[in-house]
Amino acid sequence: YRGKKPIYWCPTCETALAEAEVEYENHISHSIYVKFKVEPSTVSVEGIDADNTFVVIWTTTPWTLPANLAVSFHPEYEYSVFRSGGEFFILANGLAEAFAQSTGKTLDSSVPLTMDQMKGMVVKHPFIDRESKVIFGTHVTLEQGTGIVHTAPGHGMEDYMVCQKYDYSGKTKIGIIVPVDDRGIMTSESGKYEGMFYSKANDAIWQDLSDCGALLASQNISHPYPHCWRCKNPII
């Protein structure tokens, strides 16, 4: 059959890359914690404020957030709603302490979540008027972040595969959005970021997240990032 899938792409050379053509070099990236609001009517947890409950994700690629279509939980991890002042954050239990240290947030108390409670939640994208589907995948780890993964099936193979599973199951239809062209320029599908080079869109998205109150914390980190073997520039 003929279909679509994400591939390595060099916006400088404007060509696809095989895995053998990808080199990893240290790269400085924005590292951000972002909260996605949970629709209050779908919060079925006693003792918390449903109007101020959020799923929290961590990402080093803010420019991929316009392509977000889901938030991925691990089917076997334990998750809770943690109180921090007047807000309630949904995190994996195993990363709550690291989250508090990275963001400076004080987590006062917690209420455990069941699988049914998580499946029943409707989660809103932080700055685009659409739902981010709650899905489950074993690609989620407890190495960094929150134990909940920002999922953009047009920008990563693991994201693509977990969303395809939900397509085929008939439970949730999740498409593919790739709001960036062959030159790395954000397209009209990205909304107000149209015309920006993808790395420049990082700054604009960071500012918008801060302005709307969805940005919990940010810092620059150095980490291995894929580069093109021809031009030595970062790839997408």
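A charge sits over a ring if NZ of Lys or CZ of Arg is within 6 Å of the ring centre and within 35 degrees of the ring normal. Start with an example: select K35 and F54, and you'll find K35 over the face of F54, 4.4 Å from the ring centre.

Quick housekeeping: this is a predicted model, where local features need pLDDT of at least 70, side-chain atom pairs count only at pLDDT 80 or more, and totals for chains, interfaces and linings use all residues. Residues are numbered from 1 along each chain as its sequence is written, and side-chain values use heavy atoms, with hydrogens and water left out.

Searching the whole structure turns up eight aromatic pairs (rings of Phe, Tyr and Trp, the last by its six-membered ring, with centres within 6.5 Å; planes under 30 degrees apart are stacked, over 60 edge-to-face, the rest tilted).

Now zoom in on F89 and F99. Their ring centres are 5.9 Å apart and the planes meet at 70°, so this pair is edge-to-face. F89 sits in strand 7 (residues 87-92) and F99 in helix 1 (residues 96-103), so the pair ties together parts 10 residues apart in sequence. Helices (H or I, at least four residues) and strands (E, at least two) are DSSP runs numbered from the N terminus.

Buried or exposed, what is F89? F89 is buried, at 0% relative accessible area, and F99 is buried at 0% too (buried is under 20%, exposed over 50%, partly exposed in between, with a 1.4 Å probe and protein chains only).

Last stop: F197 and Y198, a tilted pair with centres 4.9 Å apart and 50° between the planes. Here F197 is partly exposed at 31%, while Y198 is buried at 6%.
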